[in-house]
Amino acid sequence: MKKSILTIVATLLASASLSAAEWKSGIEWVEPPVVDPGPETAPANVPSDAIVLFGGENMDAWNNGENWPVKDGVVYSGKGMVTSKQAFGSVQLHVEFATPSEVKGEGQGRGNSGVFWGPYEVQVLDSYINKTYFDGQCGSFYKQNPPAVNCCRKPGEWQTYDIIYMRPVFNEKGEVVRPMYVTVFQNGILVQNHLQVKGTGHWHMPPKYDAHAEKMPIGLQDHGNPVRFRNIWVREISDSPVQPVKEDSPVKPADVFGSQE
């Protein structure tokens, strides 16, 4: 069977990171201040219009899912990256994760994984009292922007990502006519605020755009650390803002927002 485009994306990402020296931006980032996000919570409710990618039973919605073990409603990072069989345009993505409770290693070697839309990554890492380069710590848009704050919970505790990926738009020549924008909430705290993305974030080269399909898979990275995941769902969202109420509409602004008198 021919490899799907979704599997090829995962293969290229994995092979590229192993074949070259690390690229660094040279920017001297200010260290994100530490913020206590409060105690871990139960799994979040799933919206009625969401597509569940992992609900605790199996990894049937994922390419390579058979290599990620599922136990007690949780999936453990296994051998190789997993990518969703379904591709999506602009999305609201919810992911819950926990880095290993037993701390081993330091820097990028502790609880390393990533959440992807196509080749664009929001970093997963154990950044609780674990310093690394700031544009590679948990909550960062990898190799492009550190999180506004470090709001990681302790190793082993459940954390949440709510990510808005607004897809880039390319013209027929493959040129970017609208860049990607990313907004990220970690544990309910805003850590990336409508970030304008410079391109794909690779370990070995500066970010740049390469034209790709309008719809891309969601991906979870295997980086050799036993990171756990649960309650993964996605909502495909419009690329356009909500339209205003028409002048001839029977619904008036006062009906929506209440009278200002």
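Me: Which residue does the side chain of Asp 210 meet in a salt bridge?

Reply: The model is predicted: local features need pLDDT of at least 70, side-chain atom pairs count only at pLDDT 80 or more, and totals for chains, interfaces and linings use all residues. Residues are numbered from 1 along each chain as its sequence is written, and side-chain values use heavy atoms, with hydrogens and water left out. A salt bridge requires a side-chain nitrogen of Lys or Arg within 4 Å of a carboxyl oxygen of Asp or Glu. At 2.7 Å from N to O, the partner of Asp 210 is Lys 208.

Me: What is the relative accessible area of Lys 208?

Reply: Buried means under 20% relative accessible area, exposed over 50%, and partly exposed in between (1.4 Å probe, protein chains only). Asp 210 has 40% and is therefore partly exposed. Lys 208 is partly exposed, with a value of 36%.

Me: How many residues apart are Asp 49 and Arg 235?

Reply: These two form a salt bridge with their closest N and O atoms 2.8 Å apart. Asp 49 lies in the loop between α1 (5-18) and β1 (51-54), and Arg 235 in strand β15 (residues 228-236). Helices (H or I, at least four residues) and strands (E, at least two) are DSSP runs, numbered from the N terminus. The pair links distant parts of the chain, and the separation is 186 residues.

Me: Are Asp 126 and Arg 110 buried or exposed?

Reply: Asp 126 forms a salt bridge with Arg 110, and the closest N and O atoms are 2.8 Å apart. Asp 126 is in the loop between β8 (120-124) and β9 (159-166), and Arg 110 in the loop between β6 (91-98) and β7 (113-117), so the bridge ties together parts 16 residues apart in sequence. Both residues are buried.

Me: Which strands stand at the edges of the open sheet of five strands?

Reply: The order of the sheet is β2-β5-β14-β7-β8, with antiparallel pairing. An edge strand has a single partner strand, so one of its sides is left without a neighbour in the sheet.

Me: Which residue in β5 is the bridge partner of Trp 62?

Reply: Strands pair if DSSP finds at least two bridges between them. Two bridges join β2 to β5 (residues 82-88), and the strands run antiparallel. The partner of Trp 62 is Ser 84.

Me: How far is Arg 230 from the ring centre of Trp 158?

Reply: Arg 230 lies in strand β15 and is buried, with a relative accessible area of 13%. Its side chain reaches the backbone oxygen of Thr 41 at 3.1 Å. A charge sits over a ring if NZ of Lys or CZ of Arg is within 6 Å of the ring centre and within 35 degrees of the ring normal. Arg 230 lies over the face of Trp 158, at a distance of 4.2 Å.

Me: At what angle are the ring planes of Phe 97 and Tyr 161?

Reply: Rings of Phe, Tyr and Trp (its six-membered ring) pair if their centres lie within 6.5 Å; planes under 30 degrees apart count as stacked, over 60 as edge-to-face and the rest as tilted. The count comes to five aromatic pairs. The ring centres of Phe 97 and Tyr 161 are 4.9 Å apart, and the pair is tilted because the planes are at 45°.

Terms used: A polar contact is a pair of N or O atoms within 3.5 Å; within protein, one must be able to donate a hydrogen and the other to accept it, and residues adjacent in sequence count only if both atoms are side-chain atoms.
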